[in-house]
Amino acid sequence: MGIRVDFTNVGDGGFAPLPEGKYEAAVFEVEQRVGQNSGQPYLNWQFKIMGGEYDGRRAFYMTSLQPQALWKLKQTLLRLGYTKEELEGAFELDLTDLPGRECTILIGHEQYNGETRDRVLDVLEAGNADSGDAPLIR
């Protein structure tokens, strides 16, 4: 026995890229992964947009765990509310402490396999959405 499904007004799937600009967001999830090509560890960040037309949409960001790139992770953690004192020397990062931390994310576009995709270009402090050149998307 079959199931009747009505595909009227249903697109081909997926989402159109988010418009470029700044969005109020919160960390949704952070996972440690290993790069397929590099074999090196990195953190895969998932942010959830809060409010406006794109409320609930997710955006992704990566920070390398390689020594030469740790400055970017440190910068991100500072912008998520960690203090300079907490991040001095060796630091035990508990990934379960990150979800829910609010921030502003800067979205740009990139081409991937011929498609335009949104990409988190930077993570800014919460409430930083109205400064700078990029517009706040609500």
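Me: Which residues of H1 are buried?
Reply: This is a predicted model: local features need pLDDT of at least 70, side-chain atom pairs count only at pLDDT 80 or more, and totals for chains, interfaces and linings use all residues. Residues are numbered from 1 along each chain as its sequence is written, and side-chain values use heavy atoms, leaving out hydrogens and water. Helices (H or I, at least four residues) and strands (E, at least two) are DSSP runs numbered from the N terminus, while buried means under 20% relative accessible area, exposed over 50% and partly exposed in between (1.4 Å probe, protein chains only). On that basis the buried residues of H1 are Lys-72, Leu-73, Thr-76 and Leu-77.

Me: Seen down the axis of H1, within what arc do its buried residues fall?
Reply: The buried residues line one face of H1, because their arc is 135°. That arc is the one spanned by the directions from the helix axis to the C-beta atoms. An α-helix has 3.6 residues a turn, so residues three or four places apart point the same way. So for the buried residues of H1, the value is 135°.

Me: What do the buried residues of H1 pack against?
Reply: Contact here means heavy atoms within 4.5 Å. The partners of the buried residues of H1 are S2, S3 and S5.

Me: How many bridges join S2 to S3?
Reply: Two strands pair if DSSP finds at least two bridges between them. S2 is mostly covered, with seven of its nine residues buried. In S3, Met-62 is the bridge partner of Asn-44. S2 and S3 run antiparallel, and the number of bridges joining them is seven.

Me: How many residues does the largest nonpolar core have?
Reply: A nonpolar core is a set of buried Ala, Val, Leu, Ile, Met, Phe, Trp, Tyr and Cys residues joined through side-chain atoms within 4.5 Å. Those with the most contacts inside the largest one are Trp-45, Phe-47, Leu-98, Ile-105, Val-120 and Val-123. Elements giving two or more residues to this core include helix H1 (70–79) and strand S2 (41–49). The number of residues in the largest core is 23.

Me: How far apart are the ring centres of Tyr-23 and Tyr-54?
Reply: Rings of Phe, Tyr and Trp (its six-membered ring) pair if their centres lie within 6.5 Å, with planes under 30 degrees apart counted as stacked, over 60 as edge-to-face and the rest as tilted. That rule gives a count of four aromatic pairs. The planes of Tyr-23 and Tyr-54 are at 80°, so the pair is edge-to-face, and the centres are apart by 6.1 Å.

Me: Which ring does the charged end of Arg-101 sit over?
Reply: A charge sits over a ring if NZ of Lys or CZ of Arg is within 6 Å of the ring centre and within 35 degrees of the ring normal. Arg-101 has its charged end 4.2 Å from the centre of the ring of Tyr-82.

Me: Is Asn-113 buried or exposed?
Reply: Asn-113 is found in the loop between S4 and S5. Its phi is near 50°, a positive value in a residue other than glycine. Because its relative accessibility is 69%, Asn-113 counts as exposed.
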